[in-house]
Each structure stands twice: as structure tokens, then as C-alpha cells.
Amino acid sequence: MKIASGPQNLEALLSVKTVSIPSFQRNYVWKQENVKQLLDDLLEAATRNENHFFGPIILRSHSSGGVVSEYEVIDGQQRLTTSIMVLSVLRGIARDARYFKPENTELVTSITNFFTAPGVAAAPRFEASPIIRSFFAKAITANPPTAKVTSSR
């Protein structure tokens, strides 16, 4: 088995055709406190204008013609799935004219490109674990309605 360094950030990881959670992985099990901890870590890094160390993600790559066309997530599913959910919420906020001008589509386009390849309809870049894949595709990666911003404080 060959071990190699792969993508160094989420954008690079999702630049391939598909990143999927294989059927042998356990289902998504993170609770609210796990998600909150990740969000707190991201907020702290952003406040200090630093990158956040996401932790290792172990992938199995599949190539076509020498080019990686798919990754299967062997380890890191919980963090990766949660990150896609966070991006979905950010995409919804970016579409809300109360927070961003409707004519400024650059942010929405940038975030949307994490979900599907430009110009490729219904081709998700990320496929959740098989048990939640259908729900996840409809509720998270498809095109959910605009999110509403509220505060729990």
C-alpha cells in the first residue's frame, strides 16, 4: 500500500469529482457538543486570523488516467460531514439579502462550488454515509432555502 500526502485544505479535497463515505464506515454520530467544539475552534482561529488545524483525514484515492477522480474517507468522517453542514448554513446566509447584497454573487458561488462542480448539475462533490446519504443530499448539498441568522446568546 502506498501512503502519500493528499489535499491540504477542504477546497483542495473537494476539487476532485467525489468525496464519499464508504458503507463500511459507522454513521454520522456527532452530538451538539461535538459540533459546538469544532465551531468554537474555527471561530478562535478566525479571530486570530490563523488557519485551523483540522486534524488528519485518511483517504483512499481512486484514479482515472493518473488523475484522482474520487476519495473515500477512511478516517475524519465526523469532522468532514460537519464542515459540509456548516458550509451549507453559510451558503444560506450568503443568499440572504439582509446580510449580503443580492448582486454580490461571488460569495454564494464560491461556497456553492464546495457542493457541486461548476456547470455539473446534480453531481455532488461530497456523499455522506450511506444511511444518511439521501437526506443529506436533499437537505444539505442540494440547494436548501435561505438560512435565518439567530443568536442563542
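**Questions of classification in a predicted model**

Reader: Why is Lys36 called partly exposed?

Author: Lys36 has a relative accessible area of 49%. Buried means under 20% relative accessible area, exposed over 50%, and partly exposed in between, with a 1.4 Å probe and protein chains only. The value of 49% falls in between, so Lys36 is partly exposed. The model is predicted, so local features need pLDDT of at least 70 and side-chain atom pairs count only at pLDDT 80 or more, while totals for chains, interfaces and linings use all residues. Residues are numbered from 1 along each chain as its sequence is written, and side-chain values use heavy atoms, with hydrogens and water left out.

Reader: What makes the pair Asp40 and Lys36 a salt bridge?

Author: A salt bridge requires a side-chain nitrogen of Lys or Arg within 4 Å of a carboxyl oxygen of Asp or Glu. The N to O distance here is 2.9 Å, so the pair qualifies. Both residues lie in helix α2, four residues apart, about one turn of the helix. Asp40, at 33%, is partly exposed.

Reader: How do you know that α2 has the span expected of a helix?

Author: The expected span is 1.5 Å times one less than the number of residues. Helix α2, residues 32–47, has 16 residues and reaches 22 Å from its first C-alpha to its last, close to the 22 Å expected. Helices (H or I, at least four residues) and strands (E, at least two) are DSSP runs, numbered from the N terminus.

Reader: Why is Glu72 called buried, and what is its partner in a salt bridge?

Author: Glu72 has a relative accessible area of 14%, so it is buried. Its partner is Arg60, with the closest N and O atoms 2.4 Å apart. Arg60 lies in strand β2 (residues 58–64) and Glu72 in strand β3, so the pair ties together parts that are twelve residues apart in sequence. Arg60, at 39%, counts as partly exposed.

Reader: Which residues are linked in a network of salt bridges?

Author: Glu44, Arg48 and Glu50 are linked in this way. Between Arg48 and Glu44 the N to O distance is 2.6 Å.

Reader: What makes a set of residues a nonpolar core, and which members touch the most others?

Author: The set consists of buried Ala, Val, Leu, Ile, Met, Phe, Trp, Tyr and Cys residues joined through side-chain atoms within 4.5 Å. In the largest such core, of 21 residues, Val19, Ile84, Phe115, Phe126 and Phe136 touch the most other members. Its largest share, four residues, comes from α3.
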